Amino acid sequence: MSTSLARRSVWMIACLLALGCFGNRADAAEGTAFDIGSKYTLTAPADWLKKEPRSRIVEYEFEIPKVEGDEFPGRVTVMGAGGGVEANVERWKGQFKPTEGDEVKAETKKSKVAEQDVYVVDIKGTYIDKPAPMAPTPGIDRPKYRMIGAIIATDGGQYFVKAYGPEKTMEKALPGFQKMVEGLKAK
């Protein structure tokens, strides 16, 4: 092999490595894997942008791309926390305003994933957007919002995956959210 051909080959391999053409491309195409606790892993959809959490108690945060016509993207937070499932569903419902003469409704479905109980909660309505859920400030009303949350009751503790945003954005994100939760894996 000539010296110039060898140099071009080395240069080409270096470029392919820099572009990520070798190695774990399938993982990157699938999304961002992250741990919940010391025993389990979830994989966020590839189009969700991993962000620095806005709060110290949030372990992971992602941004869901907004769909055309929506003003804001969706937000996903992941954290470990205590309290019962019912108490946490009530807390999430409390982040929405009831419509006149009606209470906030939450649809909850229980399933088993990786031999762990998983509760998926779906709430629609006017979301009260605050810097933190328990902040004393009144918050900003966000009509036509939707929250899809998962409470994953693992043998190592409870983990909460909460996704919320404009209804159209969340509707588009729903299959990815479901795939992520149904893809819970033991390490």
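Among the elements of the protein chain, mean pLDDT (the predictor's confidence in each residue, from 0 to 100) is lowest in helix α1, residues 3–18, at 43, and highest in strand β4, residues 60–64, at 98. Helices (H or I, at least four residues) and strands (E, at least two) are DSSP runs, numbered from the N terminus. Below 50 in pLDDT is the stretch of residues 4–27, which has six contacts in the model beyond near neighbours in sequence; a contact means heavy atoms within 4.5 Å. The chain average is 85, and 83% of the residues score at least 70. The model is predicted, so local features need pLDDT of at least 70 and side-chain atom pairs count only at pLDDT 80 or more, whereas totals for chains, interfaces and linings use all residues. Residues are numbered from 1 along each chain as its sequence is written, and side-chain values use heavy atoms, with hydrogens and water left out.

The protein chain contains four helices and eleven strands. Of its 187 residues, 37% are buried (buried means under 20% relative accessible area, exposed over 50%, partly exposed in between; 1.4 Å probe, protein chains only). Among contacts with a separation of 6 or more, 52% are between residues 24 or more positions apart.

Seven aromatic pairs are present. Rings of Phe, Tyr and Trp (its six-membered ring) pair if their centres lie within 6.5 Å; planes under 30 degrees apart count as stacked, over 60 as edge-to-face and the rest as tilted. The W92 and F160 rings are edge-to-face, because their centres are 6.0 Å apart and their planes stand at 80 degrees. W92 belongs to helix α3 (residues 85–93) and F160 to strand β10 (residues 157–166), so this pair ties together parts 68 residues apart in sequence. Both W92 and F160 are buried. Y127 and Y145 form a stacked pair, with 6.0 Å centre to centre and 10 degrees between the planes. This pair links distant parts of the chain, Y127 being in strand β8 (residues 116–129) and Y145 in strand β9 (residues 140–154), 18 residues apart. Relative accessible area is 4% for Y127, which is buried, and Y145 is also buried, at 7%. One aromatic cluster is formed by F34, W48, Y60 and F62.

The structure holds 14 salt bridges (a side-chain nitrogen of Lys or Arg within 4 Å of a carboxyl oxygen of Asp or Glu). R146 bridges to D122 at 2.5 Å, N to O. The R146–D122 pair links distant parts of the chain, strand β9 and strand β8, 24 residues apart, and both residues are buried. R146 also forms a salt bridge with E171, the closest N and O atoms being 2.5 Å apart. Because E171 lies in helix α4 and R146 in strand β9, this pair ties together parts 25 residues apart in sequence. E171 is partly exposed, with a relative accessible area of 45%. Another salt bridge joins the side chains of D102 and K105 (2.8 Å, N to O); D102 is partly exposed at 37% and K105 exposed at 51%. R54, E61 and R75 are linked in a salt-bridge network.
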